[in-house]
Amino acid sequence: MRWFPALLIAALVLASPFPAPAQIVSPNAPLDPAAQARLELSGRFLRMPLLLRDSLVMPRWLADHDRLVFWDEIGPQAGTWVLVDARSGRRKPILPPVELRRQLSELTGEPVAALSQMQFVVAPDQGAILFSYKKRALRLGLAGRRVRAAAGLDAFVLSGATSAPTPGATAGATLGAMARDGGFVVRDATGRVLVERTGEPNYDWTIPDKAWSPDGARLVVWRTDERAVHRIPIVDYESGLERVTMVPYAKTGTPLAKSELYLVQPKTGGVVRVAPAQDEGYDWFAGWRADGRTAFVLHLSRDGKRLDLSIIDGLGERRLLLREERAETNVGDLDFITEGWPLQVTPLEDGGFLWMSERDGWRHVYHYDGGGRLIGQITHGDFPVRRVNGVGPGGALLVTASIDPARPYDEQLYRTSLAGGPLQPLGEARGLHRATVAPSGRFVLDTWSSPTQPRIREMVRADGGDRLRLTASDDTAVKAIGWRPPEPLEVLAADGVTPIYGAVFKPRDFDPAKRYPVLAYIYGGPFATVLGGGYFTAMSLRMSGLAQMGFVVVAFDVRGSSGRSKAFQDATYGKVGQTEIPDYVAGLRQIAASRPWLDMDRVGIVGHSWGGYFALRGMLTAPDVFKAGYAGAPGALEEDAAVNEPDMGLLADNPSGYAAASNTALAGNLRGSLKIMHGTSDTSASLSTTMRMADALIKADKRFELLLIPGMEHNSDGPDGLYYHQDVALFFRRTLGEPR
């Protein structure tokens, strides 16, 4: 089929066989001052993180002596790095801010203004930090406190290489490895190349985290073969001579990329391929055992039903150690593929390991010996353990868990032991906590926030005690523009039994005497949540921004979303698209019963990506509720295999589930106002999903609006993203109106 230019498509879709009205209002007509002010305020709320004053630089532990370095952005030593001794609580700048600027000025021959957000890494010898300034690679010694040019391995590491540990050896013997231009290179401290490989188109080398063995003698590298993967066209429209790039994109039922793991021995130059997994799926390197002779690898089957833990030896042989299977549902999905796998296995000093499993219905920690035999379940209870943070002296175990059933998306820090026992909290502050444990296991950097508290970084002993605050965000400017935390919600799902949680976002000039149009903001994907326990998320910013247009925005984390019990997430297994919209409708009706300012005759639905799929779903399956919908970059069940297959099963095994989830099949149900947006360079949700939906709507003789943003990828924080946000806001202002 030959496609017409984008503008002609829009003209055909929007054309009407009826005579034009006597007066046509152009969408480019100037907004009235009040509406323009709302639009500008909406954009400011979208960009609220820019108003926060805080250090954005990741603090880093040194390998020994329980010391940590952080960048002070707004505190008493603003404009320099601070070295903290966790044992004594003493802190001091590595260089005072004025002295740091003076030394940099000497090196560059130019005046140096106040410094801000200076990223850094720790030098391989642990005696300095490395950073860049004015395109210069620099080293700041922790003892001599002098800024000098970084050379050799220091400069290599600063450029992105990962350095090998060398216990008991001199710093000069340390090696470094870096992936570049599809290949990889290993160098010694003098810069000499020891091993190098080049890549091929769609057949690249990468270096995983924790790639080096503990003795620095070997490392692992991946080679990803995408040569047989389906490709989608990405068209560059910048000039009249279009350029087309074919991008690998594994769709449902099509071949996946193949992951090849190699062992590299820099001293001999040997590169040995590890025996591969025997079926299609997803593979990860999970770390070396303490003895450095063997390492852990993970393999998730294509349908997400089987997760294998294997060990590999120095000859590249693979041996299965543990298998976790689910016949009726899955072990992992996109949440595991993108974020969960690094948390799955924790190697222990004795050769054993900790394993995360939902086999009893909740995510908990299990202890195995080096041969893969179960020693016992460590944590117990009707709550999920989110992650193992570390193991300290004497078998102390540090974990993050969500224990409070009334606040299931809070994530708190706890300690217990490898022998089991109750979880003891490391602090009382509610919210979203992330732990970075010192190499000794004796101290924890706790980075946390809550819906009412922006980010704070505190140091605490792993066995409890007082906290030492390092940095705290200043949200004065955020509050000054009128931001207020959303109102939390608890309702029952459409089954009338399951509690689900959500939030209401109101405009800053909210007046309970008025009636407000309602926007249901949805994501709905079975591997994520809309809300969270922290201060801001990308989605909460969009909701806050849209509320300023004069809407009340409502969001729920419906059945099937992540972060709670296995049964809660499995509610949509094999039947995505069938319960999420009923849960939203049930939730909206429940909260409207006690909130007369919600105008349930003017309800819209909006979402992006999976949320775009569900915005379409709401318009097509609940047209009596949703009068207007905006679907941004909508996905579809035929698209990304990793997104769909682990939660739906393979297409051949569940054809009825895939058919029931199709939005194109329901195009004839459309009654309200619908708009679809897609970026033409989207490699996450293929543009073909929108083209197929447009085709189905046209064939069903349904009118809709279409916005194509040339060159925009799946997400954009730039001008494209702002234009998109404003288009959503103006669409709903036009279709749902203003508060009355």
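Strand β28 (residues 396-401) and strand β29 (residues 412-417) run antiparallel and are joined by six bridges. Here strands are DSSP runs (E, at least two residues) numbered from the N terminus, and two strands pair if DSSP finds at least two bridges between them. Ala396 has Ser417 of β29 as its bridge partner. β29 also pairs in the antiparallel sense with strand β30 (residues 424-425), over two bridges.

The model is predicted; local features need pLDDT of at least 70, side-chain atom pairs count only at pLDDT 80 or more, and totals for chains, interfaces and linings use all residues. Residues are numbered from 1 along each chain as its sequence is written, and side-chain values use heavy atoms, with hydrogens and water left out. The pLDDT (the predictor's confidence in each residue, from 0 to 100) averages 93 over the chain, and 95% of the residues score at least 70. Over residues 1-22 the pLDDT is below 50, and this stretch has twelve contacts (heavy atoms within 4.5 Å) beyond near neighbours in sequence. Residues 168-172 also have a pLDDT below 50, with three contacts beyond near neighbours in sequence in the model. Where pLDDT is low, the predicted coordinates should not be read in detail.

An open sheet is formed by four strands in the order β13-β14-β17-β18, with antiparallel pairing. From one strand to the next, the twist averages 30°, where axes are lines fitted to C-alpha atoms and angles run from 0 to 180 degrees between N-to-C directions. Four bridges pair β13 with strand β14 (residues 219-225) in the antiparallel sense. Within β14, Arg223 is the bridge partner of Trp205.

Another open sheet of four strands has the order β19-β20-β21-β22, and its pairing is antiparallel. The edges are β19 (281-288) and β22 (318-325), each of which pairs on one side only. The twist averages 20° from one strand to the next in this sheet. Strand β21 (residues 306-312) pairs with β22 in the antiparallel sense over seven bridges. Arg306 stands opposite Glu325 of β22, and Asp308 has Arg323 of β22 as its bridge partner. The hairpin of β21 and β22 has five residues between the strands, and Gly316 takes a positive phi near 90°.

One cavity of 30 Å³ or more was counted. On a 1 Å grid over the protein atoms alone, a cavity is a set of points where a 1.4 Å probe fits but cannot get out, and lining residues have an atom within 4 Å of a point. Grid points are joined across faces, edges and corners, and a volume is the space filled by probe spheres set on the points. The largest cavity has a volume of about 40 Å³. Its lining consists of Ile522, Tyr523, Gly524, Ala528, Thr529, Val530, Phe556, Asp557, Val558, Ser561 and Tyr584. By class, seven of the lining residues are nonpolar, three polar and one charged; Ala, Val, Leu, Ile, Met, Phe, Trp, Tyr, Cys and Pro count as nonpolar, Asp, Glu, Lys and Arg as charged, and the others, Gly among them, as polar.

Notes:
1 Å grid on protein atoms, 1.4 Å probe; cavity = no way out; pocket = protein on both sides within 12 Å on 5 of 7 lines; lining within 4 Å.
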